[in-house]
Amino acid sequence: MVTSSQQPSPYTPGVIADLAVELPGRAVQLHAIDERLSYVQTFHKLNGRIRVDVGPRGVGKTSLLRAYEQAAQSRGFATVFITAGDRPFLETVSAEFTALGRRWQDSAREQIHAAVKNLSIGIGPVSIKTATDPAATAYRRAAGRELQGLIRAAAEQAQRSDATGLVVLVDEIQSADADGLRALGYAWQNMQADDAALPAALFAAGLSHSQDVITDAVSFAERFQYVHLGNLNDGAAITALTGPAGRRGVTWSPAAAERALGFAQNYPFFVQLIGDETWTAAGFPAAGSVLTIDHVELAAATFTPARAAFFRARWSKATESEMQMLVAMAGLGDTSVRRRDIATALNVRTEAISKPRQSLKDKGLIEDAGYGRLSFTAPGFAAYIRTEILGLDRPEPPAPADTRARISDLLAATQAPSAASPVELPSPAAAPEVYRGPEQPTERGGPER
Ligand SMILES: Nc1ncnc2c1ncn2[C@@H]1O[C@H](COP(=O)(O)OP(=O)(O)O)[C@@H](O)[C@H]1O
Ligand SMILES: [Mg+2]
């Protein structure tokens, strides 16, 4: 029975963070953005570099980009938020700028409309877009120039409409097509020369391999600056867990908070998930209540399968060679592991793992950890592979001799050339229901795109 003193969950698993309050652990990023905005505003200058916050799924990139948008709006900037994906990038850009223009009065709207039209002409027919002849190059250049024209028109109209200037935000930039990225890089490069006095800035976010995607597509790659976004530090994780409850007059007992954070391991999505499950387990507590370790233990019964489903969905998307690489990594430890050691475990040369390494990075399952090391992007994935996939009894590393033996047996089996009796890596038992996790985040506060 729902009583009037019960309160809905203040946690936000799988949707953007609550931006009505401070975003835990992101003060450094927000400070950097505010400095840039202040510079653009004060000196009426284009922000020449494109900052890209990169990191794995579920770490809080979209939430952060929305917080940048909010910071820009509170300084009076007009904003355009673009989520790359489904459609050709420049088409999405056109649609979002058109939507911006609609907010302004007639003449400004017409200016934007004309610039969008020029851009769609500049994009050219699809058959030419994919060709490699000089005509295609010319068309691409034209797209860059027209995009520059559109951004310029929008920034000018923004000022005319009493805005401070224009801030463009691009989410999921790794999903933008090469032509779109090229046009964007070209446009921003030329604006630096032609429109340096334009109060405009561009911020982006994307998966960890965004840099590879952008560098492949854009010749002015030095325009882009990449900043890695990681899990929360301990203090921020505590704030993220206890803050939302606190604002509802509900406290976490220290033991309960510690246990919950043990589950979440400072990964923002898991902090929200365990917070939400605990809140539910406690029966949507009224102000004055305390969340106890018993509530967390109850919550674990739903959190654990939800987390397993989250990992299972990732595992099932991996190819055979990717699975082998994941197994080898999981056998080596929970934190970053050396590429060389992975290759050794697989009995191949280091170069031989570069393909699955790249594709696993593209899928956001692993990331470079520097110094020739790789790591899983979500905490607990290695333990999941060891227990659920390999059937080992204990989730924790470091891999003792028998673990190594078990893993090499499995790998030997999967690599056996005998096509007659192919041995497959075991797949985890099917779940009754797949928890989608933050894979396709939707927002509570407003539309995602
Ligand atoms: N700074 C933060 N502190 C706590 N939770 C956060 C923070 N940033 C994001 N979250 C939560 O983490 C999850 C993933 O956030 P999202 O912005 O969608 O990440 P990404 O875009 O990197 O996949 C969501 O449940 C969101 O509410
Ligand atoms: Mg996102």
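The model is predicted. Ligand 1 is surrounded by 25 residues. Helix 11 gives the largest share of that shell, and helix 11 also packs with helix 9. Helix 13 and helix 16 form the other pair described here.

**Ligand 1 shell**

- Gly60, Lys61, Thr62, Ser63 and Pro268 are the closest of the 25 residues around ligand 1.
- Helix 2 (61-74) and helix 11 (268-281) are the elements that each give two or more residues to this shell.
- Helix 11 supplies four residues.
- By class, the shell holds 14 nonpolar, eight polar and three charged residues.
- Domain 1 (27-228) and domain 2 (234-314) each contribute at least three residues to the shell.

**Helix 9 with helix 11**

- The axes of helix 9 (residues 234-246) and helix 11 lie 10 Å apart, at an angle of about 30 degrees.
- The crossing of helix 9 past helix 11 is right-handed.
- On helix 9, the contact uses Ala237, Ala240, Leu241 and Pro244; on helix 11, Pro268, Val271 and Gly275.
- This contact has six nonpolar residues, one polar and no charged.

**Helix 13 with helix 16**

- Helix 13 (residues 320-332) and helix 16 (residues 381-389) have axes that come within 8 Å and cross at roughly 105 degrees.
- That angle makes the pair roughly perpendicular.
- Leu326, Val327, Met329 and Ala330 of helix 13 meet Ala382, Ile385, Arg386 and Ile389 of helix 16.
- Seven nonpolar residues and one charged residue make up this contact, with no polar ones.

Definitions and conventions: Residues numbered from 1 in each chain as written. Chains lettered and ligands numbered in written order. Predicted model: local features only at pLDDT ≥ 70, side-chain atom pairs only at ≥ 80, totals over all residues. Axes fitted to C-alpha atoms, helices over the stretch in contact; angles between N-to-C directions. Parallel < 35°, antiparallel > 145°, perpendicular 65-115°, else oblique. Contact = placed C-beta atoms within 7 Å. Nonpolar A, V, L, I, M, F, W, Y, C, P; charged D, E, K, R; others polar. Near = placed C-beta within 6 Å. Domains from an automatic or database assignment. Left-handed = near helix turned anticlockwise from the far one by under 90°.
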